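Dear colleague,

Please find below the structure for your records.

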Amino acid sequence: MDQVAAMTFRQALVQEPPLLLDGAMGTMLQASGMPDVSPEQFCMENPDTVRDIHKMYLDAGADILTSCTFGGSIFKLPGNTDVFTFNKHMVEVAKDACRNAGRPVFVAGNVGPCGRFVKPLGPLDPGELIAAFAEQIRGLAAGGADLIFIETQFDLAEARAAVIAARRECSLPVMVSMTFEHGVSLTGSTPAIFAETMQNLGVDVVGTNCSLGPDQMARTVRELLEVCDCPVMAEPNAGLPELRGNITVFPLEAEEFAQKTAAFIDLGARVLGGCCGTTPAHLSALANILRGRSVPVRSTSRRSGICLTTRSRLVRIGPDAPLTIIGERINPTGKKKLTQEFQEGRFDFALHLADQQVEAGAAVLDVNVGAPLVDEARLLPELTQLLASRLTLPLSLDSPDVEAVKRALPYCPGSFLVNSISGENHRMERLGPLCRDYGAPFILLPLQGSVLPVKAAERIRIVENLLLEAESLGIHRALIMVDILALAVSSGSDASQCLEMARWCRRQNLPTTLGLSNISFGLPARDLLNATFLSMAVGSGLTSCIADPSAVRLHEAADALSVLGNHDPRAETFIASYAEWKSSSGAVVRESRGVAAKNAGEAVLTGDRENVVSFLEIEMAGGSDPFALVQESLIPAITEVGARYERREYFLPQLIRSAETMQMAFAYLKPFLAKLSDAEKRPVVVMATVEGDIHDIGKNIVALLLGNYGFEVVDAGKDVPAETIVACAVEHGARIIGLSALMTTTMVRMEDTVRLVRDRALPIRVMVGGAAVTQAFADVIGADGYAADAVGAVRVAKTLLQAAE
């Protein structure tokens, strides 16, 4: 890759004129006569057609052409396709189209989603996913791409994996875009969570595309602009899809689309383009409106401190946020039971400690598996994966073993904290680049050599040297938090040195933490000393502490500090918690977070896969009726999960985990149920993704949930012809067929199945769903039911059964 060209794009980002992306490639390919094949296959076989489309967008005024490689990974290309060669060639086709443009034009190497979920949410190993993206991006870079454009992402972990791959393979600018509906992505990430995670990874542009028209996208663009220091991109559809006859159309004409989309420039967006339904006419109209306009100057440095994220949680640690409590208890030091379990490769007690700390109000959990005879490089990744699937809050990976941290980082579905990087020889050199490339904030520990730095000046000197080393490695300060090093006052240490360190960090705009209990080591009334010192430290600038979140005095101090520091407006939270408080009573009322399950029903509700069978074993040993357990405990629990999902209290990861927990519970109870009764045969549903569509995530989620609600699910697969779907339904005696389609080009094939069922007068009902499918479309094709999501699909299936009886 020509480095000058790469810098030219970065330079273009800071110029006054906005940059214009091209429009929909799929829309134009269909218009050019693309048959029912994958776009990638058609592009391979028809490069001249692709080149002509690029030229049309170029003539319309596009500054950035997107290579036709959206599905260019090993997961979506035809099996005999060389991934590197395909991606390289498609970029070369786009480069050739703009060879004589007479103005700066950039080619974006396009990377779309792989269509699978990564562990622990799905079956795909994150290392495998990163490697697949790396293979694709190598080809894009070799073809001469000026930037990497990772777009239409719906899962934070996958977007993160793609950026990591890009950073490994090239130094090109990276632009990342996520799609949102109802304010969140498919797996529950808000625009702020997505943007902060991407900024931790150091991407050049953050944006949003697809799913929405310009009217609906405005809110998302505003939310991105509120948190982004980097440029923001917006690429709406030409309105929301409508069905006209048998054709799905996007209703906004060129001029109306251009007027609405151009308004994003006034908000502060720097890169605009068009997604589904847009054409060169739409881009030309937009280019005409933008001609001569400049992007308003935005204030920078919206971020202070560090940001930790998971798919559905954002934790800010810094001067503008309340004190953050990092739970310290998953640490085998002084805990014989935890040490023994780690040595045996078990995590029961660690999970119990995690649940307790979340219940007690911890915002982050420190995870340390360091014990004698424990292989940290094996155990830390395993426990990280388990906790990431179980909890919604971020973790702090606490290990001196660089290899253990390296293996655990891929399993973090967001920006987790690393504890820590000290002045130890080569520690920054080995661990710093890992944190940089994985977007993982880390703690700087002012230790160097064998002597503890007693004076604040000594600690400051070590931190300054580490900051310089981090800067030389390209690590941004937004990833750095400082441990101000609390030392035991019982051994003669001067606590004021710790406070001076906090004040210095505050002047440097560096967030801080400390191991709070260290200060009181060897003394009585430790909680009293800890809480008192915490108040002093926060007054000096401390922004977080590593402590036991169940300590009552700690919470009293933290909650009082939140009020006095103006982090609890009108003291509403404080009043709700302390209305019944009396001096020294510790009577604090806290809203339960409902993490630790106490029975099988609660295990389903919280997604406690690890303990649900144990709860059922206890119930059965006590003489419980398995039918009563199902009807009175498990079914109500999974019903409440569905209700919470619809209320947007739960998101897809929680829904899947609870459904899997329910599945485990049913599997355990099934033999008991079979012994007691010849149960009525479960109604059969055949699920399939229609012909021409290889996306099956939505179908798989619906199938999982239907299985938990008493249906026998037969999965016919993806890209399945209507004849095969109907034959499968007849073979299995299905009463319902469920059809899924992601793309507007394939959803029309749903009618083939509906027509076959009607023509043969089969007693089978057909329900449909998918990203672009609507109730209006379902009505036009004659489907019996439509569902917008998996929970809705269960409701529709039940209704269809009742109607048939």
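The model is a predicted one, in which local features need pLDDT of at least 70 and side-chain atom pairs count only at pLDDT 80 or more, while totals for chains, interfaces and linings use all residues. Residues are numbered from 1 along each chain as its sequence is written, and side-chain values use heavy atoms, with hydrogens and water left out.

**Helix packing**

Helices (H or I, at least four residues) and strands (E, at least two) are DSSP runs, numbered from the N terminus. Axes are lines fitted to C-alpha atoms, for helices over the stretch in contact, and angles run from 0 to 180 degrees between N-to-C directions.

Helix α4 (residues 47–60) and helix α11 (residues 280–290) have axes that come within 8 Å and cross at roughly 20 degrees. This makes α4 roughly parallel to α11; angles under 35 degrees count as roughly parallel, over 145 as roughly antiparallel, 65 to 115 as roughly perpendicular and the rest as oblique. The crossing of α4 and α11 is right-handed, a term that applies if the near helix is turned clockwise from the far one by less than a right angle, with left-handed used if anticlockwise. From α4, the residues M56, Y57 and A60 meet P280, L283, S284 and A287 of α11, where contact means heavy atoms within 4.5 Å. The residues of this contact divide into 6 nonpolar, 1 polar and no charged. Here Ala, Val, Leu, Ile, Met, Phe, Trp, Tyr, Cys and Pro count as nonpolar, Asp, Glu, Lys and Arg as charged, and the others, Gly among them, as polar.

Within α11, the buried residues (under 20% relative accessible area; exposed is over 50%, partly exposed in between, with a 1.4 Å probe and protein chains only) are P280, H282, L283, A285, L286, A287 and L290. Their cover includes β1 (19–20), α2 (25–31), α4, α10 (254–267) and β10 (271–272). Just after α11, G292 takes a positive phi of about 85 degrees.

A second pair is formed by helix α26 (residues 697–708) and helix α31 (residues 790–804), which pack at an angle of about 50 degrees with their axes 9 Å apart. That makes α26 oblique to α31, and the crossing of α26 and α31 is right-handed. I701, V702, L705 and L706 of α26 make the contact with A790, V791, A793, V794 and A797 of α31. By class, this contact has 9 nonpolar, no polar and no charged residues.

**Salt bridges**

The count comes to 40 salt bridges, each being a side-chain nitrogen of Lys or Arg within 4 Å of a carboxyl oxygen of Asp or Glu. One of them joins the side chains of E196 and R316 (2.6 Å, N to O). E196 lies in helix α8 (residues 191–200) and R316 in strand β12 (residues 314–317), so this pair ties together parts that are 120 residues apart in sequence. E196 is buried, at a relative accessible area of 1%, whereas R316 is partly exposed, at 33%.

R609 and E660 also meet in a salt bridge through their side chains (2.5 Å, N to O). R609 lies in the loop between α22 (600–606) and α23 (612–621) and E660 in helix α25 (residues 652–676), so the pair ties together parts that are 51 residues apart in sequence. R609 is buried, with a relative accessible area of 18%, and E660 is partly exposed, with 22%.

V402 is found in helix α15 (residues 402–408) and is buried, with a relative accessible area of 9%. Leaving aside its neighbours within four places in sequence, V402 is in contact with R427, R430, L431 and L434.

**Backbone features**

Most residues other than glycine have a negative phi, and most peptide bonds are trans. A cis peptide bond joins K119 and P120, with omega about 5 degrees; P120 is in the loop between β3 (106–111) and α6 (126–142). The bond from N419 to S420 is also cis, with omega near 15 degrees, and S420 is placed in strand β16 (residues 417–422). T152, which is not a glycine, has a positive phi of about 55 degrees; T152 lies in strand β4 (residues 147–153) and is buried, with a relative accessible area of 14%.

Yours sincerely
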